[in-house]
Amino acid sequence: MELIINGSERELEAETIADVIERLGLSGKPVVAEADGVVLTSEQWSGTKVAPGMKIELVHFVGGG
Amino acid sequence: MKQDTWRIGDRVLTSRFFIGTGLFPNPYVQMEAIAASEAEVLTFAIRRVNLESAEDDSILQHVQGNDYIFLPNTSGARTAEEAVRIARLARASGLSDWVKVEISANERTLLPDPIETLKATETLVKEGFTVLPYISDDPIICKRLEEAGAAAIMPGAAPIGTGLGILNPYNIGLIVEEATVPVIVDAGLGTASDVTRAMELGVSGVLMNTPVAKAKDPVMMAEAMKRAIDAGRLAYLSGRMAKRRYASASSGYEQFKIQ
């Protein structure tokens, strides 16, 4: 299904946010997901269904002051 | 001497050094510098994951296993709304409910937008965050942020990354006098003497990144900054002598001068 991940369109086979994380090879990494503006804790990933055109943001901590 | 601890929210801190994690030449030097600094609080930024790179560029892989307090910032935000969003994302990591509100509206100066910073602080305090706003060195806005529930106030010494030192020590001193929450000088410090001066003004701590990361020897500079904090803090607690316009001999015994 067509999803907009971090601002770019991407074709992914996924039913939930947990699937998206896994398909992108980010399982087990300290990432945070937001789906259509809703911030999710990692416990909510497997219960959050994705839909075509959904805007997903995947962020993490980087160096900064 | 009794241990000189201080407190932000419900956390008791021993170190007065908050250290940033950006711009270091490599993770090894960064971790050595953090160790030398003896900092307990580390700052981070929040950014999109680079989906094109398979490499794990997460900074956390280097600091895990240590008992640090994480202070994510909202850098990149231009409005209160954007800052609140970044703060919520940071908290969803489960790593920290502290946030450094950082809202810049001008690319050249990166100076904080005080109105948006106040708005974001109000919202995030209501949502239960421990909020540490980075703000201009203006005593009135600092007071307003404190009244809004900020856990600490972080006035800048000079614009971010400039290393210009404390441009307005009078204002920093006033902010300290007025504040009932810790004041942390954030941004603009360049070298150890700037840090000592900040501590002598009575601030509770300093937050630095560039002056350590961009030193030729970041590990040695972290050590220098740590000692500068201690020196300035002790000088502040000791109470400096009054300044005088003219000389005053330190030997005394005026009547026994050899004629």
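Modeller: Axes are lines fitted to C-alpha atoms, for helices over the stretch in contact. The model discussed here is predicted.

Biologist: Are helices H3(B) and H4(B) parallel or oblique to each other?

Modeller: In chain B, the axes of helix H3 (residues 80-92) and helix H4 (residues 114-126) come within 8 Å and cross at roughly 40°. Angles under 35 degrees count as roughly parallel. The two helices, H3(B) and H4(B), are therefore oblique.

Biologist: How many nonpolar residues does the contact of H3(B) with H4(B) have?

Modeller: From H3(B), the contact draws on Ala80(B), Ala83(B), Val84(B) and Ala87(B). H4(B) contributes Glu116(B), Lys119(B), Ala120(B), Thr123(B) and Leu124(B). Besides 1 polar and 2 charged residues, the nonpolar class in this contact numbers 6.

Biologist: Which strand gives the largest share of the side of chain A that touches chain B?

Modeller: The contact between the chains takes 22 residues from chain A and 28 residues from chain B. On the chain A side, strand S3 (32-35), strand S4 (38-40) and strand S5 (55-63) each supply at least two residues. The largest share, 7 residues, comes from S5(A).

Biologist: How many charged residues has the side of chain A that touches chain B?

Modeller: Sorted by class, this side of chain A has 12 nonpolar and 7 polar residues. Its charged residues number 3.

Biologist: Which residue in S4(B) is the bridge partner of Gly63(A)?

Modeller: S5(A) pairs with strand S4 (residues 41-48) of chain B in the antiparallel sense, over 5 bridges. Within S4(B), Gly63(A) has as its bridge partner Phe44(B).

Methods:
Residues numbered from 1 in each chain as written. Chains lettered and ligands numbered in written order. Predicted model: local features only at pLDDT ≥ 70, side-chain atom pairs only at ≥ 80, totals over all residues. Axes fitted to C-alpha atoms, helices over the stretch in contact; angles between N-to-C directions. Helix = DSSP H or I, 4+ residues; strand = E, 2+ residues; numbered from the N terminus. Parallel < 35°, antiparallel > 145°, perpendicular 65-115°, else oblique. Contact = placed C-beta atoms within 7 Å. Nonpolar A, V, L, I, M, F, W, Y, C, P; charged D, E, K, R; others polar. Pairing = 2+ DSSP bridges.
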